[in-house]
Amino acid sequence: MKMHFCIPVSQQRSDALGGRYVLYSVHLDGFLFCRVRYSQLHGWNEQLRRVFGNCLPPFPPKYYLAMTTAMADERRDQLEQYLQNVTMDPNVLRSDVFVEFLKLAQLNTFDIATKKAYLDIFLPNEQSIRIEIITSDTAERVLEVVSHKIGLCRELLGYFGLFLIRFGKEGKLSVVKKLADFELPYVSLGSSEVENCKVGLRKWYMAPSLDSVLMDCRVAVDLLYMQAIQDIEKGWAKPTQAQRQKLEAFQKEDSQTKFLELAREVRHYGYLQLDPCTCDYPESGSGAVLSVGNNEISCCITLPDSQTQDIVFQMSRVKCWQVTFLAFLLSSCLKKMISEKMVKLAAENTEMQIEVPEQSKSKKYHIQQSQQKDYSSFLSRKSKIKIAKDDCVFGNIKEEDL
């Protein structure tokens with residue numbers, strides 16, 4: 001599936017010889033990732049083609065005459081589409097040519113030298129561990145270093161991820177974004193304009209039943225236990241009073257296995273809760289808190305008259321979605337649920353072989369090309385597409401801080 005790359009702005013710059021060039025601001029998941037020139041992207045595309053041949057998407061052609069404003073806008077849109085489409089191939093995403101170019105682009109954009117550094121990684125119990133890294137280490141590499149330090153089984157790395165998180169007023173937890181495997185956590189953290197932002201380790205799967213895969217690893221169980229306690233304390237998971245009493249008893253006994261077995265029965269256990277937003281359903285100006293997990297989107301809607309409604313949308317009803325500039329975290333969760341569903345279907349049908357996104361490189365599956373499908377798309381800045389009412393699973397959401 002496509003990565004959430006976009007190029008919302010570009011700037012004209014002058015070079016040392018008095019010539020002019022365009023610098024494109026490439027955003028990933030709504031945050032500035034790097035600034036690059038067309039010539040840099042063109043050279044990168046040539047390197048990729050030497051490795052992957054003609055399976056890559058078309059690259060925008062060169063212009064040998066001065067570009068008009070319309071031509072410049074068209075090229076920006078074409079480069080944006082190229083970045084989105086080239087990331088649909090997981091083999092490209094994992095290639096050295098892809099990763100090394102983006103690493104260098106991110107370092108150069110924020111003027112970060114490659115050197116040794118220390119990075120604090122926050123666990124779900126809000127305690128941190130300090131690790132020594134290289135500023136050019138990717139999120140995938142940093143996760144490996146963290147797992148080695150805490151003793152997490154290497155084969156379980158694909159079930160966890162690094163996130164930018166922050167704690168707001170009264171300790172409110174907010175997940176800002178999931179760090180991509182090729183992203184540089186040290187640079188992304190330093191360049192983030194989000195106040196009190198930190199790098200956090202959390203499980204990264206949406207189906208609570210997958211807990212069972214991790215139960216034989218003591219460190220993995222510790223992490224699940226810490227995150228379950230955190231989610232309940234922060235109000236993300238919502239136990240009944242009877243469940244809460246039993247959970248507190250298991251917590252006092254330090255019976256992690258029994259705690260997690262009961263926790264999986266708790267409403268919204270393992271869900272990721274997004275920051276509050278506004279929507280036009282069922283009434284314009286309604287407030288909404290979305291919790292995503294277990295193949296559903298659960299919405300707690302507060303109407304203008306302060307009445308509340310709980311509405312659940314099953315992923316089986318979602319045919320596709322369009323991503324506006326702020327709803328990237330929601331889209332990442334939806335893509336994750338779809339990938340988990342495809343893996344489950346593959347297990348039930350041995351004739352189907354599937355590639356699992358964001359798992360460790362040693363675990364590869366394959367899917368027939370005809371069965372691949374991209375469910376998400378960006379809402380173009382100039383889009384005039386009208387969406388039929390039957391295709392709208394829920395009302396238009398105005399994403400605020402998603």
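Arg218 is exposed, with a relative accessibility of 59%, on a scale where buried means under 20% relative accessible area, exposed over 50% and partly exposed in between (1.4 Å probe, protein chains only). The structure is a predicted model, in which local features need pLDDT of at least 70, side-chain atom pairs count only at pLDDT 80 or more, and totals for chains, interfaces and linings use all residues. Residues are numbered from 1 along each chain as its sequence is written, and side-chain values use heavy atoms, with hydrogens and water left out.

Arg218 forms a salt bridge with Asp222, with 3.2 Å between the closest N and O atoms; a salt bridge is a side-chain nitrogen of Lys or Arg within 4 Å of a carboxyl oxygen of Asp or Glu. Both residues belong to helix α8 (residues 218-233), where they are 4 residues apart and separated by about one helical turn. Helices (H or I, at least four residues) and strands (E, at least two) are DSSP runs, numbered from the N terminus. Asp222 is partly exposed, its relative accessible area being 22%.

Side chains of opposite charge can pair when their charged atoms come close. The count of salt bridges comes to 14. One of them joins Asp120 and Arg130, whose closest N and O atoms are 2.8 Å apart. Asp120 is in strand β4 (residues 116-122) and Arg130 in strand β5 (residues 128-134), so this pair ties together parts that are 10 residues apart in sequence. Asp120 has a relative accessible area of 26% and is partly exposed.

A salt bridge is also formed by Glu144 and Arg154, with the closest N and O atoms 3.5 Å apart. Here Glu144 lies in helix α5 (residues 139-150), while Arg154 is in the loop between α5 and β6 (160-167), so the pair ties together parts that are 10 residues apart in sequence. Arg154 is exposed, at 54% relative accessibility.

When neighbours within four places in sequence are left aside, Ser147 is in contact (heavy atoms within 4.5 Å) with Leu152 and Leu157.

Two packed helices are described by the angle between their axes and the distance between the axes. Axes are lines fitted to C-alpha atoms, for helices over the stretch in contact, and angles run from 0 to 180 degrees between N-to-C directions. Angles under 35 degrees count as roughly parallel, over 145 as roughly antiparallel, 65 to 115 as roughly perpendicular and the rest as oblique. A crossing is left-handed if the near helix is turned anticlockwise from the far one by less than a right angle, and right-handed if clockwise.

The axes of α8 and helix α10 (residues 256-263) come within 10 Å and cross at roughly 50°; the two helices are therefore oblique to each other. Their crossing is left-handed. Helix α8 contributes Val221, Asp222, Leu224, Tyr225, Ala228, Ile229 and Ile232 to the contact, and α10 contributes Gln256, Phe259 and Leu260. By class, these residues divide into 8 nonpolar, 1 polar and 1 charged, where Ala, Val, Leu, Ile, Met, Phe, Trp, Tyr, Cys and Pro count as nonpolar, Asp, Glu, Lys and Arg as charged, and the others, Gly among them, as polar.

Helix α1 (residues 38-52) packs with helix α4 (residues 96-109), the axes coming within 9 Å and crossing at roughly 160°. Helices α1 and α4 are therefore roughly antiparallel to each other, and the crossing is right-handed. The contact is made by Gln40, Leu41, Trp44, Gln47, Leu48 and Val51 of α1 and by Val97, Phe98, Phe101 and Leu102 of α4. These residues comprise 8 nonpolar, 2 polar and no charged.

Helix α1 also packs with helix α2 (residues 69-86), at an angle of about 35° and with the axes 12 Å apart. The crossing of α1 and α2 is left-handed. On the α1 side the contact involves Tyr38, Leu41, Trp44, Asn45 and Leu48, and on the α2 side Arg75, Leu79, Tyr82, Leu83 and Val86.

Trp204 lies in the loop between β8 (197-203) and α7 (211-214) and is buried, with a relative accessible area of 3%. Trp204 and Leu162 are 42 residues apart along the chain, and their C-alpha atoms are separated by 8.6 Å.
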